[in-house]
Amino acid sequence: MRMLVFTGCFANVSKEGEEEKYVLTPVSRLLVKDKDTGVLPFLFFENRDGPGLAIPLSETGQVVPQRPVDPVRQGARGGDIRDGDAVGESNRLFNEAMACNSRPMAKALVEKHHDTFVGVKSFVDIGGGTGSLAAAIAKAFPWIKCAMLDLPHVVADAPKDGVVEFVVGNMFEHVPSEDTIIL
Ligand SMILES: C[S@@+](CC[C@H](N)C(=O)[O-])C[C@H]1O[C@@H](n2cnc3c(N)ncnc32)[C@H](O)[C@@H]1O
């Protein structure tokens, strides 16, 4: 616990002569299972048996390609090192890790930036993952027609609650109309 207090994960609020008492800090609060703010899925994804999002510097030489970059392949999760994420549990972990990053942002956006959406009629989230941002916007501003686009295995993993239109596609081939906002 001393180490965790030293690194800022917990705060020691013990009073002299009393039992040791620890409380959460802003850092450890992020690790509490909470649908709106928790980032646990991201940690599970990063610590799974497989490649993480961050490439260790020692491996940079292997992944910075000596060959030209194919933008479609590269976009589909960074090319070679991301290929394994398209299947099964790995797909689910990746999608949930991305969604837990977007949820706090979506919450802040709809609660604090209401004005941004006045007059907006349609919204498309390109590379929208499992649709958490689009769903938050659709629920908060029901007059906006919300859609999102992502790769087939990601859309297949998304909860469909009817408020968002899910489009399967490749962002490099999709040309949106002029009256949409793209995030
Ligand atoms: C950093 S994640 C963002 C996820 C999303 N914003 C969320 O809230 O979960 C990038 C997303 O882009 C998608 N993506 C990558 N390449 C793509 C492509 N070529 N066409 C469509 N989507 C793509 C990935 O599948 C992934 O869901």
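In helix 7, the residues Ser132, Leu133, Ala134, Ala135, Ala136, Ile137 and Ala138 are buried. Keep in mind that this is a predicted model. That run makes helix 7 a mostly covered element, with 7 of its 9 residues buried.

Strand 3, helix 7 and strand 4 together make up a right-handed β-α-β unit. The two strands of the unit also meet directly: strand 3 and strand 4 run parallel, and 5 bridges join them. If you want to find one of these links in the structure, look at Ile126, whose bridge partner in strand 4 is Leu149.

Here are the elements from this part of the story, with where they sit along the chain:

| Element | Residues |
|---|---|
| Strand 3 | residues 122-126 |
| Helix 7 | residues 132-140 |
| Strand 4 | residues 145-150 |

Now for the ligand. How many residues surround it? The shell has 20 residues, and the closest are Met98, Ser102, Gly127, Gly129 and Met171. Helix 6 supplies the largest share, with 3 residues. Sorted by class, the shell around the ligand holds 10 nonpolar, 8 polar and 2 charged residues.

Notes. Residues numbered from 1 in each chain as written. Predicted model: local features only at pLDDT ≥ 70, side-chain atom pairs only at ≥ 80, totals over all residues. Pairing = 2+ DSSP bridges. Helix = DSSP H or I, 4+ residues; strand = E, 2+ residues; numbered from the N terminus. Right-handed = clockwise from strand over helix to strand, strands pointing away. Near = placed C-beta within 6 Å. Nonpolar A, V, L, I, M, F, W, Y, C, P; charged D, E, K, R; others polar. Buried ≥ 20, exposed ≤ 12 C-beta atoms within 10 Å, placed from the backbone.
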